[in-house]
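Welcome! Have a look at the structure below, and then we will walk through a few of its features together.

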Amino acid sequence: MSEEDAESDEHGTSGTFDEHGSRTDGERDDLETVVAAVRERIEPDTEERDRLRTIADRLIERAETAATERCPDADVMQVGSTARNTWISGDRDIDIFVRFPPELDRETLERYGLEVGHETLPEGHEEYAEHPYVKGTVEGFDVDVVPCFRLESATEIRSAVDRTPFHTSYLQARLDDELTADVRLAKQFLKGIGAYGSDLRTRGFSGYLTELLVVEYGGFRGLLEAAAEWQPPVELDPEDHGQETFDDPLVVIDPTDPERNVAAVCAAENVARLQHYARRFLEDPRTGVFESDDPGSLDETALRAHLERRGTTPVAVRFQAPDLVEDQLYPQLRKSLEGITTGLDDRGFDIFRATTFADDAAVILAELAVADRPAVERHDGPPIHVRSHADGFYEAYADDPDAYGPFIDGDRYVTERPREFTTARGFLESDRLFDVGLGAHVETALEDEYEVLVGDEIAALCEAFGRELARYFEPRP
């Protein structure tokens, strides 16, 4: 593709655009024209479909043979987007579920599951979710072979994976060719705006949730029109059978399980992100929104320019990332971020904004509106007329040589006492850091070793985390 073609393809047609991809030249694309162009790009062609089907059939046959040798009542089912024909061209996932009868005990299921997985994928390796499974690559396709129980109802599940076959069956019965094409559009749209994925790093829209929303609203455009008008909390119950209440911005009761919110993992900011881009796309259709627009890496010069412009003080705690999968790591990082920022706030170092990110190292970054505090802090006592409490306060500080007071201000005692930490660095480098709420593995990592960076010292993060710093200092919706 030529450079001219690439520029034209990115936005649907030639023209000029602002930093968010909206037109500045007065031209507009017709929504149906944009949708047709994107559909053509993301729909798998016949050759791609045939290749996936051939590989999947071969693996399913291999898994069935291995499973029934161990348990005659076992069966095998392909699940996920490739089973429902909602996969996007270029996706390379084949999910094979080996279903065992519920009479089988859990230990035997896990053992059989791994044996079947290894016979299906001889070059595969074991991974662990709620129970172990085998993952591998076959001719460029990522393949999971997962054991589960074959149950009559999703309400009887013994682990989360037991629901998946019910999800596949439910949607296969409701997705026609038009809705299937619209599911692909919705998934690509969510990928483009950075809101697709139920992993605990992204906390966005899962594939299953996306498909349910497209079915619920009758298509891609119907979903966008509805999302543009959402007033969270939004509650949807496709089968009208919900039995629980949920405190989430988006609630979609699982059609196969009345006690589960399919959207439970979806963060409020990703619900808001869908609303923002739905409104903008309906007003100004363009193909560019379907493609992710990751920022470039922020270099030290650009970072220092931001710091000078903002006049704030960033502080960062950098440490070796715990050896955890992302779905375990990021909840611990977010808990630690909350604990550390609360600790800073409580000590008067007002938090302007904060974030966390990781690769081999992990970083908790807080931007402070107040970086230094005076050597004393005010401590208000009770009103003097509340005698028992007032007397206790007075006696506690009356003989303290380091405190000013107690004295009377208005109707209460007040003392001004030495402040424990006058700088954020002092707090972050002290043992008091471990008094805040930290994730267990993060706390262990900090106990081993960590580094505190203040002000333009955070430029040391640019080499490893330039993109993350760009997202922070050059934020977009």
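Does Glu239 count as buried, partly exposed or exposed? In this predicted model, Glu239 has 35% relative accessibility and so counts as partly exposed. Its partner in a salt bridge is Arg174, which is also partly exposed, with a relative accessible area of 34%.

**Salt bridges**

Three of them are set out here.

| Glu239 | Arg174 | 4.0 Å |

Let's take the pairs in turn. Glu239 forms its salt bridge with Arg174. Glu239 lies in the loop between β6 and β7, and Arg174 in the loop between α6 and α7, so this pair ties together parts that are 65 residues apart in sequence.

Glu367 counts as buried at 1% relative accessibility, whereas Arg310 counts as partly exposed at 28%.

Asp409 sits in strand β13 and Arg378 in strand β12, so the bridge joins parts that are 31 residues apart in sequence. Asp409 is partly exposed at 35% relative accessibility, and Arg378 is partly exposed with a relative accessible area of 46%.

Salt bridges can also form a network, as they do among Arg70, Arg111, Glu115 and Glu119.

**A buried charge without a bridge**

Now turn to Glu468, found in helix α16 (residues 462-473). Glu468 is buried yet has no salt bridge. Leaving aside residues up to four places away in sequence, Glu468 touches Arg201 and Phe357.

**Crossing helices**

Finally, look at how some helices meet. The axes of α8 (residues 207-217) and α9 (residues 220-229) come within 8 Å and cross at roughly 90°, which means that α8 is roughly perpendicular to α9. The residues of this contact comprise six nonpolar, one polar and no charged.

Helices α2 (residues 31-42) and α7 (residues 177-192) have axes that come within 10 Å, crossing at roughly 90°. Their contact includes Val35 and Arg39 of α2 and Asp182 and Leu185 of α7. By class, it has five nonpolar, one polar and four charged residues.

Methods: Residues are numbered from 1 along each chain as its sequence is written. This is a predicted model: local features need pLDDT of at least 70, side-chain atom pairs count only at pLDDT 80 or more; totals for chains, interfaces and linings use all residues. Side-chain values use heavy atoms; hydrogens and water are left out. Helices (H or I, at least four residues) and strands (E, at least two) are DSSP runs, numbered from the N terminus. Buried means under 20% relative accessible area, exposed over 50%, partly exposed in between (1.4 Å probe, protein chains only). Lys and Arg count as positive and Asp and Glu as negative; His and the chain ends are not counted. A salt bridge is a side-chain nitrogen of Lys or Arg within 4 Å of a carboxyl oxygen of Asp or Glu. Contact means heavy atoms within 4.5 Å. Axes are lines fitted to C-alpha atoms, for helices over the stretch in contact, and angles run from 0 to 180 degrees between N-to-C directions. Angles under 35 degrees count as roughly parallel, over 145 as roughly antiparallel, 65 to 115 as roughly perpendicular and the rest as oblique. Ala, Val, Leu, Ile, Met, Phe, Trp, Tyr, Cys and Pro count as nonpolar, Asp, Glu, Lys and Arg as charged, and the others, Gly among them, as polar.
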